[in-house]
Amino acid sequence: MKYTEEHEWLRTEGDLVVVGITEHATTQLGDIVFVELPDVGDTVAKDDEVVVIESVKAASDISAPLDGEIVEVNADLADNPALANEDATGAGWFFKIKPTDASQTDEYMDEAAYNAMIA
Amino acid sequence: MSDLQKTPLFDLHLALGAKMVAFAGYDMPVQYPMGVMQEHVHTRTRAGLFDVSHMGQLQIAGADYATAALALEALIPVDILGLQESRQRYGFLTNEAGGIRDDLMLANRGDHIFVVVNAACKAEDIAYMQAGLSGVTLTEITDRALLALQGPAAEAVLGALNSEAADMRFMDVATLRLAGVECWVSRSGYTGEDGYEISVPAAQATDLAKALLAHEDVAPIGLGARDSLRLEAGLCLYGHDIDATTTPVEGALNWAIQKLRRSGGDRAGGFPGADVILDQLQNGADRKRVGLRPEGRAPMREGVVLFADQTGDAPIGQITSGGFGPTIGGPMAMGYVPSSLAATGTTVFGELRGKRLPLTVTGLPFTPANFKR
């Protein structure tokens, strides 16, 4: 698993990358009540704002960590945003992206580096 | 941040694991480890304990109750003289334009009027009232904390400390001994639930809070849930839903102005902005505070601009409070719209992230009140 400074996690599954936000992020955000996901088929560029999250406290944007195409989104999460709080790295995933250049994931932190950042 | 004031319960909040934030000049708990959503649900289903010690507690006394009541009626468009002893009522200070300087609670304590005002307004309220009241004395109570115990279990919890608490009705006030301490108790609150507000000497406030928290049904609740609870209950937050630029009629607070203070009443007018407010009571105002339910799932918060349709350029109003209502399981908001668009069921549009999304004008409260009348 790789991690961005925006508290996203990236998990490579074959030629796709699954993206969500970390438990640290969902704890900081508080109870998540709304998630707006991109459309399947969207072509996105790294740093494009692709997800809106609303917690009981505030709205936040999540950027695409990679260039590529959105190939699947978590419809269960849209119906039940609390999944992101309950299981941030499992059932609370956001979307799957087919990266244009899979090597873009290399620039992100590993778990040890991420844990050091949030410590 | 270093200038923030602390309430007498500050150390208890830290011990309970609260996340603290600056609010109205005080360092206050916004949530505890339970989290805003669960704290909200806990208050609606069991009982929540809130620290509201940041609010101002005032005593106004004259030669007798009537003297104090009539003096205060010159600043507040409410029947204070006719308030029975040991009863409380909602009111507001108005300005010359008919706007609201602050909203407050007034209680007839026999030899004085006990007033609770908003934290952010209290210094101004005190200066304003001291300048505007003649023949009475105003005393700010600075050595007492204020706790709120709210929720369906509140009666059983407080009744266990003093059975007289259970006999009180909504808006009754009484002096009760609780855990050995003389407290000023009202059966009221700001969540839409049954419950109490308890003024307790600062030195004993933590012990009383601990005694209440020792009950299995009681959990500490922060400002985050307090805000979603009051919004579901359709209650105004001063500085947001009402302020110096909104009149009581625009704010849909007509109910708080008794007939006696309206045109044709025995003590009609005689308060700041009476000409504007009395006219609006008879003829209506151009705009009105309404409940709004976003049709989608996305919360629309304070500041979202409202439009009559998908395409028009001219805003019609804006949202003054908005968020997610845990009890209703969806987004909710309050805001101002033209009176022509204020009927329940009307669709208006809020601009969120560049998109116009529909909201339905809805009656308030969003959740039915559970007061013990």
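**Figure 1. Domain division of chain B.** Chain B is divided into domain 1, made of residues 10–54 + 143–232, and domain 2, made of residues 286–373. The structure shown here and in the other views is a predicted model. Taken over C-alpha atoms, the centres of domain 1 of chain B and domain 2 of chain B are separated by 29 Å. Domain 1 of chain B contributes 15 residues to the contact between them, and domain 2 of chain B contributes 17 residues. On the side of domain 1 of chain B that touches domain 2 of chain B, two or more residues each come from helix H2 (36–45) and helix H8 (223–232) of chain B. H2(B) gives the most to this side, with four residues. The class composition of the side of domain 1 of chain B that touches domain 2 of chain B is five nonpolar, three polar and seven charged residues.

**Figure 2. Packing of helices H2 and H8 of chain B.** The axes of H2(B) and H8(B) lie 8 Å apart, and the two helices pack at an angle of about 55°. H2(B) is therefore oblique to H8(B). Their crossing is right-handed. From H2(B), the contact is made by B:Val36, B:Glu39, B:His40 and B:Thr43; H8(B) contributes B:Gly224, B:Ala225, B:Ser228 and B:Leu229. Sorted by class, the residues in the contact of H2(B) with H8(B) are three nonpolar, four polar and one charged.

**Figure 3. The closed barrel of chain B.** Six strands of chain B form a closed barrel in the order E14-E17-E16-E15-E18-E19, and their pairing is antiparallel. Direction ignored, neighbouring strands of this sheet are turned by 45° against each other on average. Strand E14 (residues 287–294) of chain B pairs with E19(B) in the antiparallel sense, over four bridges. Within this pair, B:Pro294 of chain B stands opposite B:Leu359 in E19(B). Helix H8(B) packs on the sheet, where it touches strand E16 (317–325) and strand E17 (330–338) of chain B. The direction of H8(B) makes about 115° with that of E16(B).

**Figure 4. Strand E4 of chain B and its two partner strands.** Strand E4 (residues 56–61) of chain B is joined by five bridges to strand E7 (residues 113–117) of chain B, and these strands run antiparallel. Five bridges also join E4(B) to strand E8 (residues 137–141) of chain B, again in an antiparallel arrangement. The residue B:Gln57 takes part in both pairings: B:Gln57 stands opposite B:Val116 in E7(B), and the bridge partner of B:Gln57 in E8(B) is B:Ile141. Strands of a sheet pair through backbone hydrogen bonds, in a parallel or an antiparallel manner.

**Figure 5. Backbone geometry at two sites in chain B.** The peptide bond from B:Leu364 to B:Pro365 is cis, with omega near 0°. B:Pro365 is found in the segment after strand E19 (355–362) of chain B. B:Ala24 is found in the loop between strand E1 (19–23) and strand E2 (26–31) of chain B. Most residues other than glycine have a negative phi, and most peptide bonds are trans.

**Figure 6. The open sheet of chain A.** Three strands of chain A form an open sheet in the order E4-E6-E7, with antiparallel pairing. E4 and strand E7 (59–63) of chain A stand at the edges, each with a single partner strand, so one side of each is left without a neighbour in the sheet. From one strand to the next, the twist averages 25°. Four bridges pair E4(A) with E6(A) in the antiparallel sense. A:Val35 stands opposite A:Ile53 in E6(A).

**Figure 7. Contact between chain A and chain B.** Nine residues from chain A and eleven residues from chain B make up the contact. Strand E4 (32–36) and strand E6 (49–55) of chain A each supply at least two residues of the side of chain A that touches chain B. The largest share of this side, three residues, comes from E4(A). The side of chain A that touches chain B comprises, by class, four nonpolar, one polar and four charged residues.

Key. Residues numbered from 1 in each chain as written. Chains lettered and ligands numbered in written order. Predicted model: local features only at pLDDT ≥ 70, side-chain atom pairs only at ≥ 80, totals over all residues. Pairing = 2+ DSSP bridges. Contact = placed C-beta atoms within 7 Å. Nonpolar A, V, L, I, M, F, W, Y, C, P; charged D, E, K, R; others polar. Domains from an automatic or database assignment. Axes fitted to C-alpha atoms, helices over the stretch in contact; angles between N-to-C directions. Parallel < 35°, antiparallel > 145°, perpendicular 65-115°, else oblique. Left-handed = near helix turned anticlockwise from the far one by under 90°.
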